[in-house]
Structures are given as structure tokens and as C-alpha cells.
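Okay, thanks for coming, everyone.

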Amino acid sequence: MRNIIFSYCRVMMPLISAFILIFASCKPEYLTTDGKTWGTYYHIVYSCESLLDDSIKSELLAIDNEFSLFNPNSTVSLINSGNSDRVGERFITVFEMCRLVNGYSQGEYDPTVGPVANLWGFGKKEIKTCPGQMEIDSALACVGLRECAITSDNRIVKKSAGTTFDFSSIAKGFGIDCIAAMMERNGCNNYMIEIGGEIAAKGVSPKGLPWRIQVDSPASGLGHDVLDIVELGPEYEALASSGNYRNFINLGDTLYGHTISPLTGYPVKGTLLSVTIKTGSCAMADALATACMASGSWNAAEAVIRKSGVDALVVEGDSLGKFNVIRKGM
């Protein structure tokens, strides 16, 4: 659960636990497929006359070839290295979604924040001390999605040569949407797709009921204590979470959360512990959950939720370790 910067090389503990509730009693007419992708795992349950495993793997590979930072020949890797400026329709779709969420969040959500996040140890390179202000200022000069554009002939224009893109805060959700679209093209209307804790579902579960998804509580730490049970279906609905309490780094005996502000260059110090978004696009749920966490406070997150018109489950904490659960539409 997806994250402004999530490292593909880290296998994250998801904040949503779909498998606990849906796997126990799959009837024969429902098929399941599991595997590893993008540094995490996927679990898919579906009802279809055809076996779709090969088509699912094809969609996963297509997303990897487009957005994986650990595939040197992916579109985003070639753009980041300056070896290409050509983009396709899927890249354009994700880019425009990111610009929309960037606007909702007043710039706090920005997939070009990578150079700064790397300074704080949330990339491929490990660090032992906090970066200095001059380093941060230099990295911030490369950050700015609004100063990037895509031309009419599908070429990307970056803010600077040092600008890089990391779409890991939206790519899992977008991949789920792509798999769902493929399934529906094949006449499948009852399915649940989970990748790394991001989930979308349509129709009914093997029990003939709505898909029931567990959202974990921040109080559980690395465990899976229940915060809420959310039902998805029968229409296509998606659920994505983002939280700081399972991904942090220790520098100088201080813990820093993984969400980095693209405006200040520092880890966000806020009261939010986790945000779960429910809406009709997993890509948007993925990005909006990150945007809310990046906002730092409930008031700022509420503005993002209101502008985007989504349902949300927000957990806010205080210095005494107490939790406040805020619901918007769930």
C-alpha cells in the first residue's frame, strides 16, 4: 500500500489484507492465480470460462516495461537516463493522472521527487546521515511535475536534465486497472485483483456476496489487526492505502517516514498515520492515498478528498499514541 516514493526493491507489508477474507472457500468455478511482480506479490480470484493467467502475466509485463525503475529498458528508465524522450499512451495516461492529483494536493504529490527521496535513503542507495541543506536545494531544483510536459508528438519535456520520474505511487493501481479491463474484454465480471495491497474488485465473491476487504490498524505495527472491513462490488471499485508507520529509516536515532515533501525536501512531519481511499479507479486511489499522506494533516487531506470526490478512511495520531479514525463516505 503502494506511497510519494516507494522503492521497488523493498517488499512492503501491505496495509490491506484481502487474502484473509476471500481465499477460504473458492468454489470450483472461481480460479485463482498468484505470483511475484514489481518487488511485491499479486493474488487474483476470478470467474471466467477461459483461463486468463497468460493474459494477466502479459499485462504485468507491459506495466513493468513501462514504469519499472529496475528495468533498464523500461520507458521511464530510458527517459530518466536521457536515452529517450518517447512515450506511449499508457505513460501519457499515468502522467496526466499524476498532474491531476498534483493539483488536488497543491503540489505535495509529485512523482519527480525522486532525487530528494534518494538523499533520504528511500531509493536504491543506503545512507547513514541526514542530507545537508545544500544537497536538498540542489535536488529540489530538479523536482517539479508542473514544469514537465508531453508534446503533441508524444515526446516528454523534463524540467531539467536531472529530473526523474518515479510512478511507483500509482503504477500498481494502474496495473490493476489494466488487468481489470483485460478481464472484462474476456467476459469476466466477477473478480478481485490484489497487487502489493492495492485492490480492485467487481461483481461478487465465490460466496455470492460483495468482496470483503480487511484494512489494517496502525496499532498492529507489522501485524494485521483489523481497523475496518470494506465491501467492494458489484460495480468496479478500488481500494488503496498509504501509511508511514511501516516504512521508515533511522538516521541519528531519529525515525523518518518515507513520505518526502517535494516542496520542502524534508520528510513530512504530520499527524496522519494511514489513509485508505475507495473509488472507481485503482490508479487514482493509489495516488490519492499518497497525496493525502503527503499533505501531513487531516485538514489538508480532507481538502484533497473533497476535491477528488472519493471515499476515505483516515487514521490520525497524537503524541500520546492515541488514534482518531475519520471516515468520509465509507
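This is a predicted model: local features need pLDDT of at least 70, side-chain atom pairs count only at pLDDT 80 or more; totals for chains, interfaces and linings use all residues.

Let's start with helix α2, residues 53-67, which lies across β1, β2 and β5 and runs at about 140° to β2. There's another helix on the sheet too: α7, residues 171-185, touches β2, β5 and β6 (198-202), and its direction makes about 155° with that of β5.

Now, what are these helices sitting on? It's an open sheet of 8 strands with antiparallel pairing, and the order goes β1-β2-β5-β6-β9-β12-β13-β14. The edge strands are β1 (30-37) and β14 (323-328), each pairing on one side only. On average, neighbouring strands of this sheet are turned by 10° against each other, ignoring direction. If sheets are new to you: the strands of a sheet pair through backbone hydrogen bonds, either parallel or antiparallel.

Let's zoom in on one pair. Strand β2 (residues 40-47) and strand β5 (residues 190-195) pair in the antiparallel sense over 6 bridges. Find Val45 and you'll see it stands opposite Met192 in β5.

Back to our two helices. In general, you describe two packed helices by the angle between their axes and the distance between the axes. Here, the axes of α2 and α7 come within 10 Å and cross at roughly 145°, and the crossing is right-handed. Who makes the contact? On the α2 side, look for Ser55, Ile56, Glu59, Leu60, Ile63 and Phe67. From α7, the residues include Phe174, Cys178, Ile179 and Met182. Sorted by class, that contact has 10 nonpolar, 2 polar and 2 charged residues.

Next, a quick look at α6, residues 133-140: which of its residues are buried? They're Ile136, Ala139 and Leu140. Looking down the axis of α6, the buried residues fall within an arc of 100°, so they line one face of the helix. The general idea is that an α-helix has 3.6 residues a turn, so residues three or four places apart point the same way. And what covers the buried residues of α6 includes α5 (114-119).

Last stop: Ala312, which is in strand β13, residues 311-317. Is Ala312 buried or exposed? Its relative accessibility is 1%, so Ala312 counts as buried. Leaving out residues up to four places away in sequence, Ala312 touches Thr276, Ile277, Ile305, Ile326, Arg327, Lys328 and Met330. Thr279 is 33 residues from Ala312 along the chain, and their C-alpha atoms are separated by 8.8 Å.

How values were computed: Residues are numbered from 1 along each chain as its sequence is written. Side-chain values use heavy atoms; hydrogens and water are left out. Two strands pair if DSSP finds at least two bridges between them. Helices (H or I, at least four residues) and strands (E, at least two) are DSSP runs, numbered from the N terminus. Axes are lines fitted to C-alpha atoms, for helices over the stretch in contact, and angles run from 0 to 180 degrees between N-to-C directions. Contact means heavy atoms within 4.5 Å. Buried means under 20% relative accessible area, exposed over 50%, partly exposed in between (1.4 Å probe, protein chains only). The arc is that of the directions from the helix axis to the C-beta atoms. A crossing is left-handed if the near helix is turned anticlockwise from the far one by less than a right angle, and right-handed if clockwise. Ala, Val, Leu, Ile, Met, Phe, Trp, Tyr, Cys and Pro count as nonpolar, Asp, Glu, Lys and Arg as charged, and the others, Gly among them, as polar.
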